[in-house]
Amino acid sequence: MSNQKTKQNNFEKQIQPIQIGLLLLPAFNSMALNALIDPFRAANYLAGKAIYQWHYLALNERPVTASNGITVENTTAFRQHSGKLDLIVINASWTPESFQDLPLQRWLRDASDRGTMLVGIDTGAFVLAYAGLMDGYRATVHYEHLPSFRELFPKVEPAESLYVIDRDRLSCCGGVASTDLALELIRRQNGMALSTAVSRYIFHERHRGGDEKQLSHAHAPIDPILPDMLREVLLLMEQNLEDVIPMTELAQRAGVSQRQLERVFKKYLQITPKRYYLNMRLIRGRALLTQTELPVSEIASACGFNSSEHFARSYAKFFDVAPSRDREEGRIPFQFWLYQKQEG
């Protein structure tokens, strides 16, 4: 009992509960929702009082289903929520372009005018950017959507980070990185002691900073066995998808012959460097094709192809579907599409 009382006294602060509005859009990221909220729940428990309170909001009065099929039923339509909110979290995943509803955008702008902090999770920053609320800010989204985010919102500074806190705008790539964002908010609002205790309580091994990259070497299990030279070449490829670097120049930058570079790729990745590079460009093309309305000619150019025809042929061969067809069907991931069909 005494230990619990001491713990409570250490975290005691005379503040009003921070009110969080969680706007769950259809096909939202369920893992990101739980990863974000559970640290706040733990903070309340460890502090012995309600430091944080949260409210599940939706576009309407109906339950909201996540991309994995989990449904949240205890929601309130966002326009019917009358209480004060300190943070509004937009939890979006697939097809963020579908949520350009004018009443929603007015609600978000009004909240911004009142000084409410706005948070985009996974692709939530798209929704905020469509409402004109991200111009002049840094922001991040899930790495799969970063190429289209750059193309669509040139006035927003994209970041390949786990999360970004830029004044009154926050964004996070989603998944378990949402826990890191929550821990950082707890640290800023209630101190390091509580943040550390929460991290320990939920068994979060390390609180990662927002400046850490989404696709760091630590997040790729294969990386530890790759030679440094190969990792450098992969990074060069990733950073030059539009202006393709010739194989001879890649080998030269890596300090090896082209033949040696090919042998290293074959040994560790079971693929030629030319094919690997092409696959990366096509994967970027699919992200742009299914997540934006950009013309195919612009997408082809952004992925290093000299013509739309060359892009379309390579695309169909790699994905086994024509770009025009994939533009429509690929907007929703197969798993969620299958779930919807079964339920329907």
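Buried means under 20% relative accessible area, exposed means over 50%, and partly exposed falls in between, with a 1.4 Å probe and protein chains only.

**Ground rules.** I am working on a predicted model, in which local features need pLDDT of at least 70, side-chain atom pairs count only at pLDDT 80 or more, and totals for chains, interfaces and linings use all residues. Residues are numbered from 1 along each chain as its sequence is written, and side-chain values use heavy atoms, with hydrogens and water left out.

**Whole chain.** I noted 15 helices and 11 strands in the chain. These are DSSP runs numbered from the N terminus, with helices being H or I of at least four residues and strands being E of at least two. Of the 344 residues, 49% are buried. I looked up the accessible surface, which is about 17,500 Å², with 50% of it belonging to carbon and sulfur atoms. Accessible areas come from the Shrake-Rupley method with a 1.4 Å probe, and for residues only the protein chains shown count as cover. I then looked at contacts, meaning heavy atoms within 4.5 Å. Among those between residues at least 6 apart in sequence, 66% join residues at least 24 apart.

**Sheet.** I traced an open sheet of seven strands with mixed pairing, in the order S5-S2-S1-S6-S7-S11-S10. Two strands pair if DSSP finds at least two bridges between them. Strand S5 (76–77) and strand S10 (163–166) are the edges, each pairing on one side only. Strand S7 (residues 117–122) and strand S11 (residues 169–172) run parallel and are joined by four bridges; Val119 stands opposite Leu170 in S11. S10 and S11 are also joined by four bridges, but run antiparallel. Tyr163 has Cys172 in S11 as its bridge partner. I checked the turn as well: S10 and S11 make a hairpin with two residues between them, and Arg167 in that turn has a positive phi of about 55°.

**Helices across the sheet.** I recorded two. Helix H3 (residues 102–113) lies across strand S1 (18–24), strand S2 (52–58), strand S6 (87–92), S7 and S11, running at about 145° to S6. Helix H6 (residues 177–190) lies across S1, S2, S6, S7, S10 and S11, at about 35° to S10. The axes are lines fitted to C-alpha atoms, for helices over the stretch in contact, and the angles run from 0 to 180 degrees between N-to-C directions.

**Cores.** A nonpolar core is a set of buried Ala, Val, Leu, Ile, Met, Phe, Trp, Tyr and Cys residues joined through side-chain atoms within 4.5 Å. I found that the largest has 38 residues, and that Ile20, Leu22, Phe40, Tyr52, Leu181 and Val198 have the most contacts inside it. S1, helix H2 (30–47), S2, S6, S7, S11, H6 and helix H7 (192–201) each supply at least two residues of this core. H2 gives the most, with nine residues. Apart from this core lies another, of 29 residues, among them Leu118, Val127, Tyr137 and Val156. I also listed the contacts of Leu22: not counting residues up to four places away in sequence, Leu22 touches Leu33, Leu36, Ile37, Trp54, His55, Tyr56, Leu57 and Val89.

Helix H8 (residues 228–239) has 12 residues and reaches 17 Å from its first C-alpha to its last, close to the 16 Å expected at 1.5 Å a residue. The expected span is 1.5 Å times one less than the number of residues. In H8 I marked Met229, Leu230, Arg231, Val233, Leu234, Leu236 and Met237 as buried. The buried residues of H8 pack against helix H9 (247–254), helix H10 (258–269) and helix H11 (273–291). H11 has 19 residues and reaches 27 Å between its end C-alphas, close to the 27 Å expected. H11 is largely enclosed by the rest of the structure, because 14 of its 19 residues are buried.

**Single residues.** Ala27 sits in the loop between S1 and H2, and its phi is near 70°, a positive value in a residue other than glycine. Phe203 is in the loop between H7 and H8 and has a positive phi of about 60° although it is not a glycine. Phe203 counts as exposed, at 76% relative accessibility. Glu157 belongs to strand S9 (residues 157–158) and is partly exposed, at 46%. Leaving aside neighbours within four places in sequence, Glu157 is in contact with Tyr137, Arg138 and Ala139.
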